[in-house]
Amino acid sequence: MMLLPSAEYLLIGAVLVLYLYDSAVLLYDNEAVLYPSRGNRWRVLFASDAFQCKGKGVLLPNPFAPHRPLYRITWSMGEESTPENEVEEPNHLFGWLAVQVGFMAFALFILLPAGLFARHRDAFMLAAIVSFYGAATSALSYIWIQRRQLRCSGAAFVRLAFESLTCPPFALNLVRHLSLAHELPFDLENAARALQCDADWAETRQALITRLENELMWSDGRPESVAKLNRLVARLTTNRNTGEQSLC
C-alpha cells in the first residue's frame, strides 16, 4: 500500500511549487533579462532553448534572490537602436520592497515549517501569519504610495494586492513583477556593452553568438536573412570590446 505524504509536507511543497511557478518568465528569442548583481555588476539572463511555452522560452531566475529586480530588454539585432553612450542604469525604488520580501520569505520558509513540525507550533504559526501579512501590507502600502514612480497603474496594483494576499507565495515576486512590467528602452547589446565589465560582457557576447548560430540553423534559408545573421556573428566575433570597460 502506497503511503501518501502528510498534509504538512504537501502544504510546504505547494508553497514552493507556487513560488517557482510564479517566478518563471516567458521571453521571445530576441528578449533577455538584465539584473543587478553583487559588486555593482550587471548580468544578463536568457530563456532556455530546450523548453517553450506559448511560443516563448522559459526563464527560471535564481529562486534564492526574489529581492533582485529583473528588467526585460530587447535585442534589435543590428537595427537602429539607442547608442551605447546614451545607455543609463535603470533607476529603481525597490530597496524597501526587497526588505519586505525577505520578511515574507522568512515567514513562509522558516516560520511556517516550524509551525507545522516544531514544538510550540501555535506560537510559530501565529508568528508566521503576523510576519507575512505585516510585511505584505507594508510592501503593498509602499507600492501604492510610490505607484507613479514605480509606474504601477491602479488596475495593476489591485491585481498585485489580490494575488499577494490570497496566494502568499506570489507575494515573494513583487519586486520581479514590478520591474518586469516595463521593458527597458535600450538595445540589449548596447546596454550590455555599456553596463557590464569585461568578463560579464564576454559571457553575454558568447551567448548572443550562440543564439545567432542557432537562428542560422533554423532560418528559412533566404539569402538576405542568412547574410544578416552572418554579419552579426562576424561583428560580435571580431569586435570583442567596444570602448572602455571596467574590470569585474
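A surface patch is here a group of residues with over 30% relative accessible area and no salt bridge, in which like charges are joined within 9 Å and nonpolar side chains (Val, Leu, Ile, Met, Phe, Trp, Tyr) within 5 Å. A salt bridge is a side-chain nitrogen of Lys or Arg within 4 Å of a carboxyl oxygen of Asp or Glu, and accessible areas follow the Shrake-Rupley method with a 1.4 Å probe, with only the protein chains shown counting as cover for residues.

The model is predicted, so that local features need pLDDT of at least 70 and side-chain atom pairs count only at pLDDT 80 or more, while totals for chains, interfaces and linings use all residues. Residues are numbered from 1 along each chain as its sequence is written, and side-chain values use heavy atoms, without hydrogens or water.

A nonpolar patch on the surface is formed by Leu 16, Phe 106, Phe 109 and Ile 110, which together have about 350 Å² of accessible area. Helix H2 (residues 95–117) contributes its largest share, three residues; helices (H or I, at least four residues) and strands (E, at least two) are DSSP runs numbered from the N terminus. Phe 106 lies in helix H2 and is partly exposed because its relative accessible area is 41%, between the limits for buried (under 20%) and exposed (over 50%).

Trp 75, in the loop between strand S6 (71–74) and H2, is buried because its relative accessibility is 4%. Trp 75 and Phe 186 are 111 residues apart in sequence, yet their C-alpha atoms are 8.5 Å apart in space.

Two pockets are compared below; a pocket is an open set of points on a 1 Å grid over the protein atoms alone, with protein on both sides within 12 Å along at least five of seven lines, and lining residues have an atom within 4 Å of a point. A volume is the space filled by probe spheres set on the points. In the lining classes, Asp, Glu, Lys and Arg count as charged, Ala, Val, Leu, Ile, Met, Phe, Trp, Tyr, Cys and Pro as nonpolar, and the others, Gly among them, as polar.

| Pocket | Volume | Lining by class |
|---|---|---|
| Largest pocket | about 520 Å³ | nine nonpolar, three polar, seven charged residues |
| Second largest pocket | about 400 Å³ | five nonpolar, six polar, five charged residues |

Of the 16 residues lining the second largest pocket, Asp 29, Asp 49, Arg 211, Asn 214 and Glu 215 are the closest to its centre. Helix H8 (198–217) is among the elements that give two or more residues to this lining, and H8 gives the most, with four residues. The largest pocket is lined by 19 residues, with Asp 22, Ala 24, Val 25, Leu 26 and His 177 nearest its centre.

Conventions
Buried < 20%, exposed > 50% of the residue type's maximum accessible area, 1.4 Å probe, protein only. 1 Å grid on protein atoms, 1.4 Å probe; cavity = no way out; pocket = protein on both sides within 12 Å on 5 of 7 lines; lining within 4 Å.
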